[in-house]
Amino acid sequence: MKRYIEWIIRHRYAVIALTLLATVLAVSQARNLKVIIDPNTMLPQSHPYVSTTDLVEKTFGSKYVVVVGITPKQGDIFQPIVLSKVQRITVALLKAKGVLPENMLSLSARRAKDIIGTAEGMEVRQLMPSVPANETQMQALRAALKRNPAYLNAIVSKDAATAAIIAEFKDIPGGFRAIQDQVDAIVAHERDYNVEIMVGGLPTYLSRLEIYSERMAFLLPISILVLGLVLFEAFRTRQGMFLPLATAILAVAWGLGVMGAFGIPMDVFNATTPILILAVATGHAVQMLKRYYEEYYLLRKTNDMTPKEANDLAVVNSLIHVGPVMITAGMVAALGFFSLMVFEISTVRTFGVFTGVGILAAMMLEMTFIPALRSVLKPPSDADTRREHSVHIWDRVTGKIAEWVTGPKRKRVYIGAAIFVAVALAGMSQVIVNNTTKSYFSYDQPFQRDDRALNARLGGANTLYVLVEGANDDAIKNPAVLQAMDELQHQLEQRPEIGKTVSLADFIKRMNQAMHGDDAAYYKIPESQELISQYLLLYSMSGEPGDFDSYVDYGYRMANMTVFMKTDSTAYTEQVIAEVNAFAATHFPAGVKVRFGGLAEAVALNETMVHGKILNIAQIAAVVFVISSLVFRSLAAGALVLLPLLLTVLANFGLMGWSGIYLNISTSLTSAMAVGIGADYAIYLIFRLREELDKGVEELTAVRNVITTAGKAVLFVAIAVAAGYGVLLTSSGFNLHKWLSILIGVAMIISALSALLLIPALILSFRPNFIFRRKS
Amino acid sequence: MKQNVLSVSAILLLLGLALPSAHAAEPDLNQIMEKNFVVNKMVDSVSDATFTLINRDGQERVRKTFGTSKLEANGIDNMRMTRFLSPPDVKGTVSLLIEHADKDDDIWIYLPALKKVRRLVSSDKKTSFVGTDFSYGDVIGYKVNEWSYKLLREETVDGQPCYVIEATPKSDTVKSNSGYAKRIGWLRKDNLMTIKSDYFDEAGEPLKTLTFSDVQQVDAKRGKWQAMKLEASNVQTGHRTIIKFENFKVNQNVKDEFFTTRYMEKE
C-alpha cells in the first residue's frame with residue numbers, strides 16, 4: 001500500500017494528466033448517451049396493461065388524449081363566437097403533427113353525427129357542418145345534441161356552458177412537449193375576453209414534467225455550491241470545499257461516460273441518480289480528507305517536518321488507513337448496486353450500473369487523482385490549522401453524541417431509537433401507494449386550474465380504456481355483450497370521478513331508437529343479433545367508413561369503451577379496474593374478456609416501479625448484509641452495517657406516511673437512493689474503532705475518538721448533502737423537487753445519526769467478537 | 001440592319017398567325033368531359049358485386065351483393081337497387097337508391113330483422129357512398145359546366161394513351177358541395193373513360209385516389225363502357241374500398257317497379 005502511494009506521489013503529474021484525459025474521454029463518451037424519454041420503453045412489455053394499451057393504440061388509434069375546453073364568460077356555448085372557435089380549433093388541430101384525424105371529436109368534427117329518427121326512417125347528418133348562422137339553425141343544433149346523448153359531457157357539458165375538442169395524438173419526435181406546443185399555439189389564437197380556454201390531458205402534464213425537471217440544470221449547480229459551502233464551513237479550508245466536490249463531480253462524469261461508451265440508455269427516472277453518486281462520493285472524499293488533516297496536524301505537532309514533507313507523509317498515512325476502508329465500503333455498495341442487473345426493467349438496471357460505476361469511479365479517483373493532486377497543492381498554512389482546531393458547532397454535536405453513547409445515558413439512545421422506529425413504523429403503515437401526475441405540481445399552477453375546471457365542467461380529461469374482447473369475429477354484435485357493456489357504463493357513471501363513458505352500445509341504442517321513430521322506449525340494445533348487424537350496416541351506409549373505428553375493430557371482435565375520469569390517480573384507477581373485473585366475471589357471456597389500457601398503463605408503471613424499487617431496496621440490503629458479514633467474518637457485523645441503512649429507509653417511508661406524500665414512481669426512487677447512503681458510514685466507524693483499539697486505546701476513549709474523527713466526517717457529509725439538496729425546496733410549484741429535497745435531507749441526517757449513535761452504543765453494549773476478540 | 005428588322009417582324013407575324021391554329025388543334029375539354037360524363041351511364045344493368053372495405057391495418061370487411069340499375073329519363077340519375085347476399089347476418093338487407101344530381105339522393109333500406117323499409121337521408125354529395133371511400137358525387141359524376149378544365153399533359157397509363165385533365169370548381173359552393181378543391185383525371189383517349197383520378201380536399205391536400213380497371217365495352221351500340229374493378233383509397237386515413245363487378249349485363253329490360261319500396265320487402 002505504502003509503495004503504491006509513494007509511486008502515485010512520484011508520478012503525480014502523470015496521474016493528474018491521465019485523470020484529466022480520462023475525464024475528457026468520459027465527457028466525450030457521455031455525449032453518445034442515449035436518452036430515453038418514452039416511458040413505454042421502460043415498462044415491462046409483458047405487463048397486461050401495457051400490452052393492452054399497445055393493442056388499443058394499434059386497433060383504435062388512441063394513445064395520448066388532449067382536451068381543449070371553451071367556456072364563454074357570458075351565456076352558453078350556443079353562440080356563433082364560441083362555435084366558430086370550436087370549428088377553427090378543430091380544423092387547426094386536424095393539421096397538427098401526430099394527431100389522429102379520424103379520432104378527432106368536437107361539435108364540428110366530421111364523425112360527430114346527429115342521428116335523427118323520423119316517421120319514415122333515419123337520418124344521419126354531421127352534427128355541425130358549419131357554424132349556425134341564425135337562431136333557427138342554432139335551435140336545430142341544440143335539438144340535435146339533446147337527442148344524441150353520446151356527446152353529452154364529452155364535447156358539450158350537460159349545462160351547455162362548456163364545449164370541448166378532444167384530440168388524440170400518437171408519439172412524435174420531440175415528445176409531449178412537441179404535442180403541447182402545437183396545442184398551445186393553436187389555442188393562443190383563440191383566447192380573448194369573451195371566453196375561457198382550458199387545455200388538459202396527459203401530454204399537458206407530462207410536458208410540464210419535462211419542463212420543470214429541466215430546472216435541475218441550474219438547481220443542481222447551486223446545490224453543489226451550497227454543499228461546498230457547508231464543507232468549507234466544516235473544514236475551514238478551500239481544499240476542504242473543492243477536493244470532495246472534484247471527486248464527486250468527476251465520479252458522476254465518469255459514470256455518464258461509461259454508460260455512453262457501453263450504450264446503456266439513460267432515462268428520466270435516472271435523472272436524480274447523480275445526486276446519489278454525489279452524496280456517496282462526497283462521503284468517501286470527506287473521510288479521506290478529514291483523515292489527511294488529522295495526520296497532517298499530528299505530524300506537524302509531533303515532528304519537526306517541513307510542511308511539504310508533512311503533507312506528503314500525511315497523504316500516505318491517510319491513504320494507508322482510510323484506503324482499505326473506503327475500498328471495502330465502496331465494494332459493498334457497488335456490488336449491491338450492480339446486483340440490480342438481474343432486474344427486468346431497464347431503468348432499474350441503469351440505476352444499478354450508473355450508481356455502481358459512479359462509486360467505483362469515486363474510489364479510483366480517491367486512490368489516484370486526489371492524493372496526486374494534494375501532493376501538488378500547498379500544504380495547509382498555520383492559520384488553516386488554527387481555524388480547523390477552533391471549536392465549532394460540529395464539535396459540540398459530536399461531543400454530545402460521544403457523551404450519550406459512552407455515558408450512562410446510553411439507554412436513552414435506545415429508547416429514542418425505539419420510539420423513532422415505532423413512530424416510523426406507524427407512519428409506514430399509512431403510506432399510500434398512488435401516482436397522480438397532478439400531485440407533482442402545486443395546486444395553484446395555471447395548468448392545474450385549467451385541469452380542475454375541465455374536470456369539473458366536463459366528463460373528465462383522463463381516459464381509461466376498457467377493451468372488451470370476444471373469442472371470435474362478430475362477438476361484439478352479440479346483444480348480451482352490448483347489453484353488459486351498457487350496464488357496465490351505467491354502473492361506472494355512478495362514480496363521482498367518472499363523468500362520461502362512451503362505447504358502441506351508445507350508438508346501437510340510439511339507432512334502435514331512431515329506427516323506431518325516436519321512441520324513447522327503444523333507447524336500448526335490441527335483442528336480435530341480426531338486427532344489430534343490420535343497424536351497423538345501415539350506419540356504415542349513412543356514415544363515413546371510419547366513424548366507428550375508435551369504438552369497435554374491423555372484425556367486430558373487440559370493442560373499446562372509453563371511460564373519462566376526472567382524476568389520474570392510480571389508486572382510484574385500480575379501484576375502477578377491480579370493479580370492472582368483478583362486473584365482467586358475472587355479467588359478460590363466457591369467452592368475453594375485459595382488458596385495460598390508457599390510464600391503466602400508469603397503474604402498471606406505478607406498480608412496477610414501486611414494487612421494483614422496494615425489491616431493489618431489499619436486494620441491495622441483502623447484498624450489503626452478506627458482503628459485510630463476509631468482510632468482518634461476523635453476522636453481527638453484517639447486521640450492524642445494515643442497521644443505519646434500514647433505519648434510513650424506515651425514516652423515509654415513515655415520513656411519507658405521516659406527511660401524506662404518496663409512494664409513487666418518483667418517491668420510490670428516492671427511497672432506493674437512501675439505501676445506498678447508510679452502509680458506508682457504519683463501515684467507516686467500525687474500521688476506525690478497530691484501528692483505535694488496535695493501538696491500545698482504552699475503549700471508551702476509542703469510541704470518543706471515533707465519533708470526533710470519522711464520526712465528524714460523517715456529520716459533515718450528511719449536513720452538507722442535506723443542505724445542498726435543500727436548495728431544491730425553492731423549486732416553486734414543483735412538488736417533485738420538494739419531495740426529493742426533504743426525503744434526501746432526512747435520509748442523510750437519519751443515516752448519519754443512526755450510524756453515530758447506534759453503532760458505537762451497540763458495540764459497547766453487546767461487545768461483539770469481531771471488535772473485541774479478534775484473532776490478529 | 002433594316003432588312004433584319006423586317007425579317008424579324010415577318011417571323012413574328014408568321015408565329016402570330018401560327019399560334020391560333022395550334023390552339024385550334026387542342027381538344028375541346030368541355031366536350032371531352034361531357035362525353036366522359038355519359039360514357040358509363042347505361043340504360044339498365046344487372047350484376048353481382050363484391051364490396052371489400054380494407055382498413056389501415058389491412059383488415060377486411062367483405063359484402064356480396066346483387067344489384068340492378070336503371071337510368072332515369074333525364075339520362076343523368078340512376079336508380080339502383082342492391083340486395084345483400086353475405087355476410088349471413090345482413091343477408092336479405094336491401095337498399096334502394098334514387099340519385100338526384102341536384103339534391104340529396106333518396107335512400108330506402110329494408111332490414112329483414114326489423115321487417116320494415118326505412119328511409120335514410122344522406123346529408124350531401126360529399127359524404128361516403130354507402131360507407132365506401134367513394135362519395136355520392138364520385139358515383140354520379142360531376143356536372144360538367146360547374147368546373148373549369150385544364151389539360152395538364154397527355155400520357156400513357158397501362159398501355160392506354162390518356163388525357164390528363166385538371167378540374168377545379170368554378171365557385172366556392174361547388175367546392176364545398178363536392179368537398180374537393182381539385183380533381184385530376186386520366187381519361188382514355190379512345191373511349192374517354194376515366195381510368196384514374198386524384199382528389200384533393202377543400203384545403204388542397206391530397207385526399208384520395210380512384211382507379212378503374214378491367215374496362216369493358218358493355219353496350220357497343222350506344223358506346224357504353226364499364227370498369228369491372230373500382231378502387232378508392234383514402235391517403236389521409238389509409239382506408240380503401242374495392243368494388244368488383246361480375247356477370248355485368250346491360251339492356252336487360254329492367255322494370256321500373258323493381259325500384260319501389262314495396263318490391264324491397266319481397267324475398
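Me: Is A:Glu190 buried or exposed?

Reply: This is a predicted model, in which local features need pLDDT of at least 70, side-chain atom pairs count only at pLDDT 80 or more, and totals for chains, interfaces and linings use all residues. Residues are numbered from 1 along each chain as its sequence is written, chains are lettered from A and ligands numbered from 1 in the order in which they are written, and side-chain values use heavy atoms, with hydrogens and water left out. The word buried means under 20% relative accessible area, exposed means over 50%, and partly exposed lies in between (1.4 Å probe, protein chains only). Because the relative accessibility of A:Glu190 is 7%, this residue counts as buried.

Me: How many residues apart in sequence are the parts that A:Glu190 and A:Lys85 tie together?

Reply: A salt bridge is a side-chain nitrogen of Lys or Arg within 4 Å of a carboxyl oxygen of Asp or Glu, and the side chains of A:Glu190 and A:Lys85 meet in one at 3.5 Å, N to O. A:Glu190 lies in helix H6 (residues 175-190) of chain A and A:Lys85 in helix H4 (residues 80-94) of chain A, so the parts tied together are apart in sequence by 105 residues. Helices (H or I, at least four residues) and strands (E, at least two) are DSSP runs, numbered from the N terminus. The separation asked for is thus 105 residues.

Me: How many residues apart are A:Arg291 and A:Glu691?

Reply: A:Arg291 forms a salt bridge with A:Glu691, and their closest N and O atoms are 2.4 Å apart. This pair links distant parts of the chain, with A:Arg291 in helix H10 (residues 273-302) of chain A and A:Glu691 in helix H24 (residues 665-694) of chain A; the separation is 400 residues.

Me: What is the length of the polar contact that joins the side chains of A:Asp114 and A:Arg147?

Reply: A:Asp114 is found in strand S3 (residues 113-117) of chain A, and this residue counts as buried because its relative accessibility is 5%. A polar contact is a pair of N or O atoms within 3.5 Å; within protein, one must be able to donate a hydrogen and the other to accept it, and residues adjacent in sequence count only if both atoms are side-chain atoms. The polar contact between the side chains of A:Asp114 and A:Arg147 has a length of 2.9 Å.

Me: About how much area is buried between chain A and chain B?

Reply: The contact (heavy atoms within 4.5 Å) takes 34 residues from chain A and 37 residues from chain B. Buried area is the accessible area (1.4 Å probe) that two parts lose on being put together, summed over both. Carbon and sulfur atoms give 53% of it, and the total is about 3300 Å².

Me: Which element supplies the largest share of the side of chain A that touches chain B?

Reply: Across the interface of chain A and chain B there are eleven residue pairs in polar contact, both residues at pLDDT 80 or more. Strand S4 (121-126) and helix H20 (529-542) of chain A each supply at least two residues of the side of chain A that touches chain B. The largest share, ten residues, comes from H20(A).

Me: Which residue stands opposite A:Glu123 in S6(B)?

Reply: Two strands pair if DSSP finds at least two bridges between them. S4(A) and strand S6 (residues 116-121) of chain B pair in the parallel sense over three bridges. In S6(B), the residue opposite A:Glu123 is B:Val121.

Me: Why is strand S1 of chain B described as largely enclosed, and how many of its residues are buried?

Reply: S1(B) is joined to strand S2 (residues 60-71) of chain B by eleven bridges, and the two run antiparallel. S1(B) also pairs in the antiparallel sense with strand S13 (residues 240-250) of chain B, over nine bridges. Strand S1 (residues 44-54) of chain B is largely enclosed by the rest of the structure because its buried residues number ten of the eleven.
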